[in-house]
Amino acid sequence: MTEKPAPHIRILDGETINQIAAGEVVERPASIVKELVENSIDAGAVTITVEISSNKKEITRIRIIDDGSGIPANEVPLAFSPHATSKIQTAEDLNTCRTLGFRGEALASVAAIAYVTMVTRSRSEDAGTRLIISGGEILEQGATGAPAGTNLTVEEIFFTTPARRKFLKSLATELSRISSVIEVFSLLYPAITFRYILNGHEKSTSHGTRTLGEVMRALRPDEASRMIQISSEEHGVFLDGFISHPELIRQNTQRILIAVNGRMIVSSRISGAIRAGYGTLIPSHSFPVAVLMITLDPARVDANIHPTKREIRISNEADFLRFIASRVREALQGQDLSHSGVSDKREITLVTEEQRNPASAYRIHETPAQRVCEATLAGYRTTTRQLRQTRLLMEPGEPDPESRFPSLTYIGQVAATYLLASNNVGDLILIDQHAAHERVRYDQLKREQREGTLSQELLVPVVLQLSTSEAHLLGEIRSDLEDEGFHLEPFGKDTWCVRSVPVVLGRCEDPDAIKEIISGVLSGGQENRMQESVSRLVACRGAVKAGVILTPEQGEEIIGQLSRTSEPYTCPHGRPTIISFTRSKLEELFRRK
Ligand code: ADP
Ligand code: MG
């Protein structure tokens, strides 16, 4: 074994310190763009141009040109020193600070890791200044003619920190991050014109003096029509922006843009609150697309907890998050949330594929007599029983005349799974019979839970023979199951006896159904969502199945029951129940216009 001498402890030299610190602020080209654009915004620019040059492998130059305040000649070198800022003077100023920057770190950091040329002229001065700084060292400084504003060129990016350079993602990834930074700023600052030029070609321009809605339509034409506006105020907290129709979802929070007092932030808690507002309107593990601008008293916000200022803390956060979730919910209410049949090309091809496949040909108003066989008749009887179950539990009264659910005329059934209907303006509506009935059952379960779950004793108790670990787990979740209307008793070793079940389940003597629900709960393992998973399983089990042929009366019954639910447009798992092809869409598809 060789003895290694202990390394000596030394204080790092200033340059090294700066390079390490720089890494926290400017970790990649896109963060340089973000910091520099923020400076331009803080300087009151009306037009900001971002020019990016690259070779085949990496970004070679970032240039930001603005028409903002510029920097007075005698302050230019100072701007590049660490902790030099014009935006605050004392820590107290942080409470009132409305600028994006305040740490005085960005320019120093960029100058530490790259070759930077600044040309700037303050409005109040006649001559501009040109300064070149590289690796933290000023190489050149002098007067020059220049338009008012600032032009900052960054080259040889990360040349002092080769390790960081190695870790950069592919050029395509870096460029896409840069476009998204620019897109975010365009949305956050509709009044500013942002031009984005890549290798001499204009990639995008957001013309200032627009509203957020206009910028949205210009930048994301495909999505804009499926975004719902949100605008709200409570106790001095303002919410403004757009949230997506439930059919526009993503598997992660990347398309949720949140700005607090004009600063883009990342907050899983705020994203979570937006998600919570959707409830069962979208599948679990999915997120909407959103652009949400939050304005509140800067004193309530602590942005000073992370070098990139992307994380923040807000005082009274729990109230604040509840407010967001409830306003998202309100914005969604009263909207037509039916999923459109032709939201993207994929769905159009699906229709034509089905048309090519004769097995799923449309059957219009097929009468029972046309296909009588024992299985079908048994299916009718089961369906009738299932529908009677939910009809009996239906709240008395007709659908609310104010209801946003359209009044539908039943046409027939397709593929023994979808109900075909039409509304009074001639839109074609498809309804998933299983998802629809599942929603009806789920609603009833939830209502029962609110009113105290109705339980019903089984004529013959069902005995569950479980494994030791299952039996143990069942003992632990017994009280949750009892809240749902199940009554269970221990019945010998690893055996439990089910005496009562929720009324919604029906006077179900089918032990398999009960076993299925309980084993579903046991394998679910999400203790905090126990009640929810029981409700969903109970709703699903016992709902009219897909693949079951219905009589016209049964089809109408499902539509009628669905229309009286609180959220008819999705099933409890967030899948759509209703897809509509508007009349004008049909006309377009048939080239009638
Ligand atoms: P911060 O933005 O936190 O103050 P920076 O290092 O980003 O720190 O910038 C330092 C200072 O340089 C700013 O406070 C501002 O006075 C000045 N500055 C930087 N960029 C610009 C610009 N584009 N226009 C005018 N002034 C600028
Ligand atoms: Mg700054």
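Biologist: Which residues is serine 53 in contact with, leaving aside its neighbours within four places in sequence?

Modeller: With those neighbours set aside, serine 53 is in contact with Ile59, Thr60, Arg61 and Asn199. Contact here means heavy atoms within 4.5 Å.

Biologist: What kind of model is this?

Modeller: This is a predicted model, in which local features need pLDDT of at least 70, side-chain atom pairs count only at pLDDT 80 or more, and totals for chains, interfaces and linings use all residues. Residues are numbered from 1 along each chain as its sequence is written, chains are lettered from A and ligands numbered from 1 in the order in which they are written, and side-chain values use heavy atoms, with hydrogens and water left out.

Biologist: Back to serine 53. Where is its place, and is the residue buried or exposed?

Modeller: Serine 53 belongs to strand E1 (residues 47–54). Helices (H or I, at least four residues) and strands (E, at least two) are DSSP runs, numbered from the N terminus. Serine 53 counts as buried because its relative accessible area is 16%. Buried means under 20% relative accessible area, exposed over 50%, and partly exposed in between (1.4 Å probe, protein chains only).

Biologist: Turning to ligand 1, which residues come nearest?

Modeller: There are 20 residues around ligand 1, and Asn39, Thr85, Ser86, Lys87 and Gly104 come nearest. A residue is near if one of its heavy atoms lies within 4 Å of the molecule or strand.

Biologist: How do the residues of that shell divide?

Modeller: The shell around ligand 1 has seven nonpolar, nine polar and four charged residues. Ala, Val, Leu, Ile, Met, Phe, Trp, Tyr, Cys and Pro count as nonpolar, Asp, Glu, Lys and Arg as charged, and the others, Gly among them, as polar. Helix H2 (29–42) and helix H4 (106–113) each supply at least two residues of this shell.

Biologist: Which atoms of threonine 85 and ligand 1 lie 2.5 Å apart?

Modeller: They are a polar side-chain atom of threonine 85 and an oxygen atom of ligand 1. Aspartate 66 places a polar side-chain atom 2.9 Å from a nitrogen atom of the ligand, and a backbone N or O atom of leucine 107 lies 2.9 Å from an oxygen atom of ligand 1.

Biologist: How much of ligand 1 does the protein bury?

Modeller: Ligand 1 exposes 530 Å² when taken alone, and the protein buries 92% of that. Accessible areas come from the Shrake-Rupley method with a 1.4 Å probe; for residues, only the protein chains shown count as cover.

Biologist: New topic: how many aromatic pairs does the structure hold?

Modeller: Two. Phenylalanine 185 and tyrosine 189 form a tilted pair, 6.5 Å centre to centre with 35° between the planes. Phenylalanine 185 and phenylalanine 194 form a stacked pair, at 6.3 Å and 20°. Rings of Phe, Tyr and Trp (its six-membered ring) pair if their centres lie within 6.5 Å; planes under 30 degrees apart count as stacked, over 60 as edge-to-face and the rest as tilted. Phe185, Tyr189 and Phe194 form one aromatic cluster.

Biologist: Why does tyrosine 189 count as buried?

Modeller: Tyrosine 189 is buried because its relative accessible area is 17%. Phenylalanine 185 and phenylalanine 194 are buried as well.

Biologist: Finally, where is arginine 275 found?

Modeller: Arginine 275 is in helix H9 (residues 268–278), and at 14% relative accessibility it counts as buried.

Note on methods:
Polar contact = N/O pair within 3.5 Å; in protein donor to acceptor, adjacent residues only side chain to side chain.
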